[in-house]
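This report walks through one protein chain, going from its overall make-up to a few local features. Please keep the sequence and the model in view while reading.

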Amino acid sequence: MKLQFKVGDFIRGIGILGKTNSGELSIFAQINPELLSTCYKTIPFITKLENPDVRFRNRHVDFLVNQKARNTIIVRSKVLKIIRQFFDSQGFIEVETPILWPSLGGANAKPFVTSSSALGNNELFLRISPELFLKQLVIGGFEKVYEIGKLFRNEGIDKSHNPEFTSIEFYQAYANLSDLIKTTESLITNLVTGINGGSLILSTESTHENSPPKEINFSTPFKQINIIDFLEKKLNSSFKFLSGKHLDIEKNSDFITENILSIYKSNKIPTDSVHPITPTKLMDNLISIFIEPLCINPTFLVGHPIFMSPLAKSKSIVNSDASNGNNEIVVSSRFELFIDGMEFVNAYEELNDPDEQRVRFSMQMIDRTKRKDSEALLPNSEYCDALEFGLPPTAGWGMGIDRIISLLSKSKNLREVISFPIIKS
């Protein structure tokens with residue numbers, strides 16, 4: 001009896017493993033093969049799938065014919081395993097917090113909004129960050145917690161952003177910014193050596209055509225750049241208007257905005273891409289133009305103004321300014337980790353004064369109501385009430401998992417590391 005099978009059919013055969021006279025690996029069947037499942041489509045093993053849009057719309061076929069696509073998902077699994085092993089070995093416990101909730105907090109982002117028929121069609125939000133819940137767990141006596149989970153931000157899609165993404169956040173009582181820096185360096189080097197064959201030198205493709213591969217050196221300690229110091233020297237400008245006396249009352253939001261805009265004007269920096277015009281977005285734009293491109297090897301950015309960090313503790317630093325003497329600048333106890341010009345980690349010492357937290361929320365509402373910034377942080381009275389039970393000195397940290405996987409797997413687009421990325425219609 002002649003059996004006809006097609007490429008992609010699943011069959012079962014029983015026999016002896018061996019080679020033919022021409023050396024081809026074969027099974028010498030002792031009973032006739034049995035068809036288990038039929039493939040009705042032609043699998044493009046020879047023609048492959050090259051077009052990204054076609055690949056992501058037919059992800060199952062992509063995995064069948066493209067080994068690199070499968071390898072990326074395997075790297076993802078390894079990264080998650082290393083992360084969990086790292087934090088478990090440090091005495092952290094993994095927890096889960098709500099994804100649907102009637103209030104927001106923990107990040108400046110535009111949310112997805114839905115409703116629940118069981119709750120009287122009340123408005124609910126998909127979470128943009130688990131931060132406030134995780135800190136409430138610390139208040140409740142869990143001193144070292146972490147969560148790996150999905151976040152949802154109703155924003156753009158590009159090679160480094162996706163509306164649904166995976167992050168890890170951890171919170172540790174009695175830790176400070178120095179502890180966070182050491183933990184970050186240790187985790188990142190563990191991930192790099194675990195995925196990169198033990199080497200701290202990661203070779204990755206250049207973003208420019210016909211350019212040689214870039215080499216990123218993950219040797220510790222990582223470089224640090226103080227944002228205010230750097231921008232003052234680069235732009236030949238003073239940021240003394242960020243002293244504490246200018247950060248207490250509502251009207252000084254305008255004062256800060258006007259001073260930053262004057263720096264833009266004196267340096268002929270366009271504001272076309274800054275919308276809406278808020279202190280945070282103006283500073284973010286300066287950082288993206290002048291600092292981020294310098295951060296190829298892992299680099300900690302420190303010294304963010306406190307209006308950029310409404311949930312972080314503040315501290316005063318003496319800022320050297322040749323034209324104006326020494327100025328005391330109020331900044332947040334925070335860092336961001338940039339690698340290859342992209343942000344990977346955001347971390348800070350947590351603000352644990354409920355009264356000051358309420359003031360910070362009020363500052364954010366100025367941007368939301370007066371300047372129409374839909375991403376400004378909304379006040380969260382439940383969280384402020386929880387702070388009144390006492391949050392011990394705590395340090396918090398968050399990292400985008402999809403981004404670190406994209407870097408380690410040398411993927412050009414974030415969609416490559418997501419099993420089924422969403423595609424525009």
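## Terms and overall make-up

In what follows, a residue is called buried when its relative accessible area is under 20%, exposed when that area is over 50%, and partly exposed in between. The model is a predicted one, and the description below should be read with that in mind.

The chain has 425 residues, of which 48% are buried, and its secondary structure consists of 11 helices and 19 strands. Taken along the principal axes, the C-alpha atoms fill a box of roughly 90 × 55 × 45 Å. The chain exposes about 22,100 Å², and carbon and sulfur atoms supply 52% of that area. When contacts between residues at least 6 apart in sequence are considered, 66% of them join residues at least 24 apart.

## A nonpolar surface patch

On the surface, L3, F5, I11 and L35 form a nonpolar patch, and together these residues have about 310 Å² of accessible area. One of them, F5, is found in the segment before β1, the strand that spans residues 10-12. F5 counts as partly exposed because its relative accessibility is 33%, a value that falls between the 20% and 50% cut-offs.

## Strands β11 and β12

Strand β11, residues 201-204, runs antiparallel to β12, and four bridges join the two. Within this pairing, L202 has I216 of β12 as its bridge partner.

In a regular strand the side chains alternate between the two faces of the sheet. Strand β12, residues 214-217, has a covered face made up of K214 and I216, while E215 and N217 make up the uncovered face.

## A buried alanine in a loop

A175 is placed in the loop between β10, residues 164-173, and α5, residues 177-195. Is A175 buried or exposed? Its relative accessibility is 8%, and A175 therefore counts as buried, since the cut-off for that class is under 20%.

Leaving aside residues up to four places away in sequence, A175 touches P393, T394 and A395. The C-alpha atom of A175 is also separated by 10.0 Å from that of E143, a residue 32 places away along the chain.

Most residues other than glycine have a negative phi, and most peptide bonds are trans. Against that background, two peptide bonds and two phi values deserve a look.

The peptide bond that joins T220 and P221 is cis, with omega about 0 degrees, and P221 lies in the loop between β12 and β13, the latter covering residues 223-226. A cis peptide bond also joins H275 and P276, here with omega about -10 degrees, and P276 is located in the loop between α7, residues 252-266, and α8, residues 279-290.

K48, which is not a glycine, has a positive phi near 65 degrees, and it lies in the loop between β4, residues 34-37, and α1, residues 52-57. With a relative accessible area of 35%, K48 is partly exposed. D340 likewise has a positive phi, of about 55 degrees, although it is not a glycine, and its place is in the loop between β17, residues 334-339, and β18, residues 342-349. D340 is partly exposed because its relative accessible area is 21%.

Methods:
Residues numbered from 1 in each chain as written. Predicted model: local features only at pLDDT ≥ 70, side-chain atom pairs only at ≥ 80, totals over all residues. Heavy atoms only, no water. Patch = residues over 30% accessible without salt bridge, like charges linked within 9 Å, V, L, I, M, F, W, Y side chains within 5 Å. Areas by Shrake-Rupley, 256 points an atom, 1.4 Å probe, with all protein chains shown as cover. Salt bridge = Lys/Arg side-chain N within 4 Å of Asp/Glu carboxyl O. Buried < 20%, exposed > 50% of the residue type's maximum accessible area, 1.4 Å probe, protein only. Pairing = 2+ DSSP bridges. Contact = heavy atoms within 4.5 Å.
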